[in-house]
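Please read it alongside the sequence and the structure.

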Amino acid sequence: TQQQYLRLQADRESQARSYPRRFPLVIQKAKGVLLTDLEGKTYYDCLAGAGTLALGHNPDVVVEAIRSALDEQIPLHALDLATPLKVRFMSELFLLLPEEMRDTAKIQFCGPTGADAVEAAIKLVKHATGGGAILAFQGGYHGSTQGTMAMSGNLSKKSRLRSLLPDVHFLPFPYEYRCPFGVGNGMTARISAHYIEHLLDDCESGIADPCGVIVETVQGEGGSIPADLEWLRQLRRMTAERGIPLIIDEVQTGIGRTGKMFSFEHAGIVPDVIVCSKAIGGSLPMSVVIYKEELDCWQAGAHTGTFRGNQLGMAAGLATLAYMREHRVLDQVNERSKQFFEALERLKARYEEIGDVRGRGLMIGVEMVDPSLPKDGLGHHPPSGELAERIQERCFQNGLIVESGGRRSAVLRFLPPLTITEEETAAVLEIFEKSVVEAVE
Ligand code: PMP
């Protein structure tokens, strides 16, 4: 039974990951947005592999692509050698790039995870610029390796490790709702940009010799916080003027999640380095770094690894990208996004426990607050991780899986498949509302 499986697993598996405790189900099957447990109960999956499953679970085109790749006896492991599949995948991916990069950008296949590609991107800019400090953002998340953790803003997870990469400086992210400068009122982005420019130029106490800036255009694990678009343009201008490579971490935002294929397109900017993982492998582990030709300064052997370029991931990723192009999935993302935001804003107007509703595309966060505690200087109650957890638990009981994140885990995060239908979205929102009511009252 489900209970026995859970007990056996809990006996042996470490608790380093909290999902199995928070969502105690044994998944038997999965299709589209739905998971089915051992007892036949179904759940709407708005975690979707932490934003990996662009087309949902087991999309027909992906299953078919994997099956025919196996039938054709493709090399399951090809190291870095050429294969027809790899070339087709690269061609489809390059079609998505901004014009400025389409014909000239370089790609590097990395290991299976997003963190692996972030590590490669950092090494790349260090090689290209000759070292120096990495600039990252407060509240950002880039992975769980030592290097990527050093660039992530979550102190509670890294403080026990004491020493990580030393040369990381944190810049203020334009988090409007909890404005780090205590002003809000649409001023957060302007002050943040001004302050960053000051740090770059202050020769007395600024940041000397940076080798790159790494940023998420929407902080994911940080609580679905979208960066102001004008701020992103300013960041691009400031880094370009000073010859500092701009790395955009598209691990979670990329491949349509925000309503554009790459999230930086919203701001009309072109980064120097793009990091992709999650959805790019069409459900399977894969990651890549794409960068401007002039940064291509690797010496042979400078960045190696056995599992670079998962051939089945390329088959699944190619099928995913082709499906998205042919079926105009981005249009669907934008329609469903509107549906989510309208309903969540209505809910926010009714419950003062909902402090903020934000995000971009189908990367949406709802920040829960505790109205019994005094408001901060910006007029907002403090975040309530405890309430978010209660709602998450009610959602789970009611058949909906949502992730939590952000400061004090007070943000409930929706990352549904990009192909979630209007009816499925309505069902998800109905369960969410019911769960909020149950948890609050
Ligand atoms: N960057 C971002 C923006 C992410 O959201 C994540 C994963 N949530 C990572 C990097 C790390 O990816 P992985 O977990 O595959 O190492």
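In this predicted model, strand β2 (residues 34-37) pairs with strand β3 (residues 42-45) in the antiparallel sense, over three bridges. This pair belongs to an open sheet of four strands, ordered β1-β2-β3-β15, and a separate description below covers an open sheet of seven strands.

**The four-strand sheet**

- Across the order β1-β2-β3-β15, the pairing is mixed.
- Because β1 (27-31) and β15 (400-401) each have a single partner strand, they stand at the edges, and one side of each is left without a neighbour in the sheet.

**The seven-strand sheet**

- The strands follow the order β4-β12-β11-β10-β7-β5-β6, and here, too, the pairing is mixed.
- The edge positions are taken by β4 (106-110) and β6 (168-171), each of which has a single partner strand, so that one side of each is left without a neighbour in the sheet.
- On average, and with direction ignored, neighbouring strands of this sheet are turned by 20° against each other.
- Strand β5 (residues 133-137) runs parallel to β6, to which four bridges join it, and the bridge partner of Ile134 in β6 is Val168.

**The helix across the seven-strand sheet**

- Helix α7 (residues 114-129) lies across β4, β5, β7 (210-215), β10 (246-249), β11 (273-276) and β12 (287-291).
- Relative to β12, helix α7 runs at about 30°.

Definitions and conventions:
Residues are numbered from 1 along each chain as its sequence is written. This is a predicted model: local features need pLDDT of at least 70, side-chain atom pairs count only at pLDDT 80 or more; totals for chains, interfaces and linings use all residues. Two strands pair if DSSP finds at least two bridges between them. Helices (H or I, at least four residues) and strands (E, at least two) are DSSP runs, numbered from the N terminus. Axes are lines fitted to C-alpha atoms, for helices over the stretch in contact, and angles run from 0 to 180 degrees between N-to-C directions. Two residues are in contact if their C-beta atoms, placed from the backbone, lie within 7 Å.
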